[in-house]
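Let's take a friendly walk through a protein model. Keep the sequence and the 3D view open as you read, and look up each residue when it comes along.

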Amino acid sequence: MNLEEKVWNTCEQYQMVAAGSSVLVGLSGGADSVCLLLLLFRLSGKYDFSVCAFHMHHGIRGEEADRDRAYAKELCAKWGIQYYERLEDVPKYARTHKISHEEAGRILRYRHMRATAKKYGCDRIAVAHHGDDQIETVLMNLFRGSGSKGLCGMAPVSGELIRPLLFCTKNEIVQELEENQISYCSDSTNAMDIYMRNRIRNQLLPWLEENVNAKAGQHVLQAAWQQRQIQDYMEERIEEAFVLMSKWNRNGELEIDKKKLGGMPGAIQSGVMRRALECTGGKIKDVSMVHIVQAVAMLRGRTGSIVDFPHFVRGRVGYEQIFFYKTNIKDVCGEKKSIDKKIDKNIVIHSIMKEIPLKRDLEENKKKNNRQNNKVVEIVLEQGRMSGEVYIPEAEAVFRYCEKKIQEKNVIFPENTYTKWLNCDKIKNSLQIRTRRSKDMIAVCKSGGHKKLKDFFIDCKIPAEKRDDILLLADGSEIIWVIGYRLSEAYKVVPGQDKVFQVELIMSPESQ
């Protein structure tokens, strides 16, 4: 069976295209997308569907990106294929939304492809993900702590999105192009190990196939295919349970019946909670297995207890139900604020807040890539005034803090990314919210061992260009909390404490 027949079998098996339909192909100019366009163009003449192409210039890679754009346009003209394109500033979008270039590019590509497909009446959007991409995706999801759904990898069909090459290998793709004497563009960044996917492709997989099993990648694909079959069956059962056990109340909260769900198998419990977080938060990205476990634990949690999840979702344990609701601005000490109102940028509750220009920082910044970290927010704590909130304009966020009494023994504090609980005995009389300085240190082990903040960033593989934007909660050069990443071991709550110091960073909706 040749590659063209293999791709058409996939299209037929998963009902990807129909006679009379139109398919928009994402065309980067690389081998994968050029091969996809070639095969679908051939098949369109045999099976009565039409093909057009879309290319997005990312505003990265300079002349190389200009070359890709020119090649994609020339190729479509040569084959008589309708061509659409979009020029974007991916670095600007990434900076604005505080995400990686890779993520920004992905978001913008799919956004523009869907808009183009809708505008020109295309029924399907074809992307060139192949079997090697699937292996990398499954491993990435595994290492990130994904649940069973993430271990299925990418679906052959997802709404209007189709992946006709998903069961083909990279070698088959390159061989097809070579046999037909068709050139393609190479992206130099694919050889750079700056992204996790590249490191898996260039380092991990070759090592596994050489030192563990020559068919390691193939076995990952087989496992993913088997997992998808199981997952498809489980999704049906989970959806049935979710419909039976959930409802929206008048307050806009999603209610889950504790008794009904509590009597179901663990896999159903996890699946229903995952659906609850997805429905309430509007998306499932950044919801990991840790969050699913926390949600399931609420079935046996103390009445009135609250757990925070990604995307401003909050869960509350009731007598007979678990409640999930969306909350953007809610006082962690109990005072509620309307989520429809914008953040008051001047608000300071029970605190003294100063914005202090740091001359030393300014001098240091000039030496280090002209960084713009020239402000620090200082929070001065006074006796009897251990709560408040401060607006941080650079981050478009509110930092809230308050002292809380512990009512029960053996309290377990959830692992929330943007909410932490500190040892009150360690808090002195002032804290700072700022960005990094050269002598910053953080405690990384219970015995008191410290590590330079720079080394911590390197160990976490945080790109150098992002390190200046990460907010820190600090006491001098002692880092208490690398916000969004890690809490210092020296400031963690210890058993037997009757009060804790709660800190939280709340992003405004506009910054998301």
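## Cysteines

Cys185 has a relative accessibility of 11%, so Cys185 counts as buried. Here buried means under 20% relative accessible area, exposed means over 50%, and partly exposed is in between (1.4 Å probe, protein chains only). With 31% relative accessibility, Cys279 counts as partly exposed. How many disulfides does the structure hold? The structure holds zero, where a disulfide is a pair of cysteine sulfur atoms within 2.5 Å.

A word on the source: this is a predicted model, in which local features need pLDDT of at least 70 and side-chain atom pairs count only at pLDDT 80 or more, while totals for chains, interfaces and linings use all residues. Residues are numbered from 1 along each chain as its sequence is written, and side-chain values use heavy atoms, with hydrogens and water left out.

Find Glu4 in helix H1, which covers residues 3-13. Helices (H or I, at least four residues) and strands (E, at least two) are DSSP runs, numbered from the N terminus. Is Glu4 buried or exposed? At 12% relative accessibility, Glu4 counts as buried. Beyond its neighbours within four places in sequence, Glu4 is in contact (heavy atoms within 4.5 Å) with Leu39, Arg42, Leu43 and Lys46.

Helix H2 takes in residues 31-47. The expected span of a helix is 1.5 Å times one less than its number of residues, so the 17 residues of H2 should span 24 Å, and the 24 Å between its end C-alpha atoms agrees. Because 12 of these 17 residues are buried, H2 is largely enclosed by the rest of the structure. Among the buried ones are Ala31, Cys35, Leu39 and Leu43. Just after H2 comes Asp48, with a positive phi of about 60 degrees.

## Aromatic rings

A pair of aromatic rings is described by the distance of the centres and the angle of the planes. Rings of Phe, Tyr and Trp (its six-membered ring) pair if their centres lie within 6.5 Å; planes under 30 degrees apart count as stacked, over 60 as edge-to-face and the rest as tilted. By this rule there are eight aromatic pairs. One of them is the stacked pair of Trp8 and Phe49, at 6.4 Å centre to centre and 5 degrees between the planes. Trp8 belongs to helix H1 and Phe49 to the loop between H2 and strand E2 (50-57), so this pair ties together parts that are 41 residues apart in sequence. Trp8 and Phe49 are both buried, and together with Tyr47 they form one aromatic cluster.

Tyr84 and Tyr120 also form a stacked pair, with 4.1 Å centre to centre and 20 degrees between the planes. Tyr84 is in strand E3 (residues 82-87) and Tyr120 in the loop between helix H5 (101-119) and strand E4 (124-126), so the pair ties together parts 36 residues apart in sequence. Tyr84 counts as buried at 15% relative accessibility, whereas Tyr120 is partly exposed at 42%.

## Strand E17

In a regular strand the side chains alternate between the two faces of the sheet. Now look at strand E17 (residues 430-434): five of its five residues are buried, so E17 is largely enclosed by the rest of the structure. Ser430, Gln432 and Arg434 point one way, while Leu431 and Ile433 point the other way.

Which strand is joined to E17 by three bridges? That strand is E20 (residues 472-475), and the two run antiparallel. Strands pair if DSSP finds at least two bridges between them. Arg434 has Leu472 as its bridge partner in E20.
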